[in-house]
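Reader: Please set out the terms used for this protein chain and show how each one applies.

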Amino acid sequence: MLSPAQNPHTGLAALLAPIEASLASPPALAQVLAGLAHAGALDDAAFYPAPRLDRYARRLIWHDPGDRFVVVGFTWAPGQVSALHDHAGLAGAEVVVEGTMKETLYELVARDEERYRFVEGTSRMSGRGATGVLQPPREHHAFGNPGTVAARTLHVYCGNLTSSLSFERQGEWWSAKQIDLTYDA
Ligand SMILES: [Fe+2]
């Protein structure tokens, strides 16, 4: 992770100020991220430099010392997708910085011990500046790069997201597996 002073381009501190100011409202946070993406202010953020071939890359761009939020950059090769997952109950927002992404929303409608049931919601393809909002209990989605070129997305989670549940469909129900999140240096 780069410190604000080390950021070689736009200055990380300049990005963090509006993010911090909007943490209380995920829709407002999403709007801030959209504005930054459209202005090109996220282009030089410290993303993993090139797509990994084996899986999408996640790099920690900023970890608030008070654990109020983390900023994570994702780098996606064409065809890389996430499974349906949650965000450990954290609010947040994400924005497409480069490329085309597809997001499919899911609503959790039932839980029976370790089994979960979802209703698939809307799917959309979107490019630079498009945002998604995490507002628990609405925090379940699948996200990926269906395009033919690499994509980059920036995610702000309102807390230190260290693990999430990844869901696999088994008939009408889904099973969950806890995934400990790691970062690519
Ligand atoms: Fe996600």
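Reader: What makes a residue buried, and what percentage of the 185 residues in the protein chain are buried?
Author: A residue is buried if 20 or more other C-beta atoms, placed from the backbone, lie within 10 Å of its own; with 12 or fewer it is exposed, and in between it is partly exposed. By that count, buried residues make up 32% of the 185 residues. This is a predicted model, in which local features need pLDDT of at least 70 and side-chain atom pairs count only at pLDDT 80 or more, while totals for chains, interfaces and linings use all residues. Residues are numbered from 1 along each chain as its sequence is written.

Reader: Which residues touch the most other members of the largest nonpolar core?
Author: A nonpolar core is a set of buried Ala, Val, Leu, Ile, Met, Phe, Trp, Tyr and Cys residues joined through C-beta atoms within 7 Å. The largest has 34 residues, of which Leu33, Ala37, Val71, Ala93, Val95, Leu154 and Val156 touch the most other members. Helix α2 gives the most to this core, with six residues. Helices (H or I, at least four residues) and strands (E, at least two) are DSSP runs, numbered from the N terminus. Apart from this core lies another, of six residues, including Leu84 and Phe167.

Reader: What is Ala37 in contact with, leaving aside its neighbours within four places in sequence?
Author: Two residues are in contact if their C-beta atoms, placed from the backbone, lie within 7 Å. Beyond those neighbours, Ala37 is in contact with Leu42, Val95, Val96, Val97, Arg128 and Gly129.

Reader: How do you know that β1 and β2 pair, and how many bridges join them?
Author: Two strands pair if DSSP finds at least two bridges between them. Six bridges join β1 to β2 (residues 70-76), and the two run antiparallel; the strands therefore meet the criterion. Arg59 stands opposite Gly73 in β2.

Reader: Why do β1 and β7 stand at the edges?
Author: The open sheet of five strands has the order β1-β2-β9-β4-β7, with antiparallel pairing. Both β1 (57-63) and β7 (131-134) have a single partner strand, so one side of each is left without a neighbour in the sheet.
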